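The sequence and structure are shown first.

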Amino acid sequence: MDRETRQFWEKRRREMLRRDRQRRGGDPYLTYGLIALMGLGWLLQAVFPAWLSQLPMVPGGFFLFMLVSTILPGSLLSLVFAGVFIWLIGPAIESSTVPWQYLVIFFGAGLVGVALSHLVGGGLVGGALAAFGLAGAYVRLMAGWSRSGATQWALVLLGINVLLSGFQLPYLAGMLGAFGAGYGLAMFLQLR
């Protein structure tokens, strides 16, 4: 291939990549930011556990504590799993929404999951639960492409996580609540 032909195809390739990036909405910076925020939450949890336990004692602190709990993964292993999971499905959701919708799905579903887990007797750790909210939104997004594929994906996802939870009711309630909230929010926001 001669030099001019190579330059022509390189220019075409760059144009296609630029168009693809514009169509997808650019790089998934919010997804990366949420993963980094969860990493910061894990660090806070590891370094200042007493501070987090005192947060509900201040006026309005319980709601603030629940909001902070949406980014607390609970353990390093949970951070890794939730981070990889968000990294896999987050860009698809982020490219289908505007930034505020993406954050509403993440934090809204995380709050529902944390609240249900707490009501059933679990702790207030919800970073992984917020990831389930994104999973619910992702299944809603997939339902627009293939209903059977979305159903199968949801069942496999929930089955694996039921096994990984050790059949503990608070975590199961939080997972299902966050998943349902993410699905419902995606439907309400007309995610396509």
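Which residues does isoleucine 93 touch, not counting residues up to four places away in sequence? In this predicted model, isoleucine 93 touches Tyr102, Leu134, Ala137, Tyr138, Leu141 and Leu191, with that sequence limit applied.

Ile93 also belongs to the largest nonpolar core, which has 34 residues. Ile93 is listed there with Met38, Ile86, Ile89, Phe106 and Leu134 as having the most contacts inside this core.

| Helix | Residues |
|---|---|
| H2 | 29–47 |
| H5 | 76–96 |
| H6 | 99–119 |
| H7 | 127–143 |
| H8 | 147–164 |
| H9 | 169–188 |

H7 gives the most to this core, with 11 residues. A second, separate core has five residues, including Leu52, Leu55, Phe65 and Val68.

Serine 78 lies in helix H5. Its relative accessibility is 18%, so serine 78 counts as buried, the cut-off being under 20%. Apart from its neighbours within four places in sequence, serine 78 is in contact with Pro73 and Ala128.

Helix H4 spans residues 61–69, and its axis comes within 8 Å of that of H6. The two axes cross at roughly 110°, and H4 and H6 are therefore roughly perpendicular to each other. The crossing of H4 past H6 is right-handed. On the H4 side the contact is made by Phe62, Phe63, Met66, Leu67 and Ser69, and on the H6 side by Phe107, Leu111, Val114, Ala115 and His118. Eight of these contact residues are nonpolar, two are polar and none is charged.

Notes:
Residues numbered from 1 in each chain as written. Predicted model: local features only at pLDDT ≥ 70, side-chain atom pairs only at ≥ 80, totals over all residues. Heavy atoms only, no water. Core = buried A, V, L, I, M, F, W, Y, C linked by side-chain atoms within 4.5 Å. Buried < 20%, exposed > 50% of the residue type's maximum accessible area, 1.4 Å probe, protein only. Helix = DSSP H or I, 4+ residues; strand = E, 2+ residues; numbered from the N terminus. Contact = heavy atoms within 4.5 Å. Axes fitted to C-alpha atoms, helices over the stretch in contact; angles between N-to-C directions. Parallel < 35°, antiparallel > 145°, perpendicular 65-115°, else oblique. Left-handed = near helix turned anticlockwise from the far one by under 90°. Nonpolar A, V, L, I, M, F, W, Y, C, P; charged D, E, K, R; others polar.
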